[in-house]
Amino acid sequence: MKKNEETTDDKLIALFFDRAEDAVERTEQKYGRNIYSIAHNLLNDEEDSKECVNDTLYILWTHLPPDKPNCFKSYIAAIVRHAALERLKSRSREKRVPLGNITNLDELAECLPSSDSVESAQEQAELKRLLDRFVKGLSKRKRYIFISRYYLFDSIERIAHALHTSPSTVSRDIAAIKKELKKELIEGGLE
């Protein structure tokens, strides 16, 4: 594989499975900015965000194989989100930073069932299925807002800037999305 040729996700995964030395480097070239952005949106700290990038790349190296993700970009995003949340919790325990950076997840608490009520693996799978269906059913704009806010942890201001609209418009859209989600979950029996 030549250095300057486009590396697809399948090729990247194959590099990891072949234990090729440039697997990590090529992944960082392709997804490094995205990894850093997700970490920085949560941590708001350059050094910790860079550490999350390194942690994510290390986890990829140590977990591929045996894991073989269906969607490599989503797999990477899940790893960095987990690493950043763990780092945020650790910083909070050290009293360096309050957990205020994850308030956007708290916004969804009024819609999602509590972890106490989602007792079985079957109920958790049903919740995941309902959430997947809900997100796929959103308009392109609302899907972008939902994923940006609750998956990538973007600020309302950043989302508004990307959509060329005002933060108050995005806030209204978020309120409408949450109302739709709550209705969907109630109809699905996961109140």
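**Reading a helical model**

Tutor: In helix α2, the buried residues are Ala23, Arg26, Thr27, Tyr31, Gly32, Ile35, Ile38, Ala39, Asn41, Leu42 and Leu43. Buried means under 20% relative accessible area, exposed over 50%, and partly exposed in between, with a 1.4 Å probe and protein chains only. Helices are DSSP runs of H or I with at least four residues, strands are E runs of at least two, and both are numbered from the N terminus. This is a predicted model, in which local features need pLDDT of at least 70 and side-chain atom pairs count only at pLDDT 80 or more, while totals for chains, interfaces and linings use all residues. Residues are numbered from 1 along each chain as its sequence is written, and side-chain values use heavy atoms, with hydrogens and water left out.

Student: How many helices and strands are there in the chain?

Tutor: The chain has 9 helices and 0 strands. Of its 191 residues, 38% are buried.

Student: Where is the kink in α2 centred?

Tutor: The bend at a residue is the angle between axes fitted to the seven residues ending there and the seven starting there. In α2 a kink of about 70° is centred on Tyr31. After α2 comes Asn44, with a positive phi near 50°.

Student: Which residues have the most contacts inside the largest nonpolar core?

Tutor: A nonpolar core is a set of buried Ala, Val, Leu, Ile, Met, Phe, Trp, Tyr and Cys residues joined through side-chain atoms within 4.5 Å. The largest one here has 28 residues, and Ile35, Leu42, Leu43, Cys52, Leu60 and Phe72 have the most contacts inside it. At least two residues of this core come from each of α1 (9-17), α2 (23-43), α3 (46-63) and α4 (72-93). With 10 residues, α4 gives the most to this core. Apart from it lies another core, of 16 residues, including Leu127, Val135, Phe146 and Tyr150.

Student: With which residues is Ile35 in contact, leaving aside neighbours within four places in sequence?

Tutor: Contact means heavy atoms within 4.5 Å. On that basis, and leaving aside those neighbours, Ile35 touches Val53, Thr56, Leu57, Ile76 and Val80.

Student: How is a pair of aromatic rings described?

Tutor: Such a pair is described by the distance of the centres and the angle of the planes. Rings of Phe, Tyr and Trp (its six-membered ring) pair if their centres lie within 6.5 Å; planes under 30 degrees apart count as stacked, over 60 as edge-to-face and the rest as tilted. The count by this rule is 5 aromatic pairs. Phe16 and Phe72 have ring centres 6.2 Å apart and planes at 55°, so their pair is tilted. Because Phe16 lies in helix α1 and Phe72 in helix α4, the pair ties together parts that are 56 residues apart in sequence. Phe146 and Tyr150 also form a tilted aromatic pair, at 5.3 Å centre to centre and 55° between the planes. Both of these residues lie in helix α7 (residues 140-150), 4 residues apart, about one turn of the helix.

Student: Where is the pLDDT below 50?

Tutor: pLDDT is the predictor's confidence in each residue, from 0 to 100. The chain averages 83, and 81% of the residues score at least 70. Over residues 97-102 the pLDDT is below 50, and this stretch has 13 contacts in the model beyond near neighbours in sequence. Where pLDDT is low, the predicted coordinates should not be read in detail.
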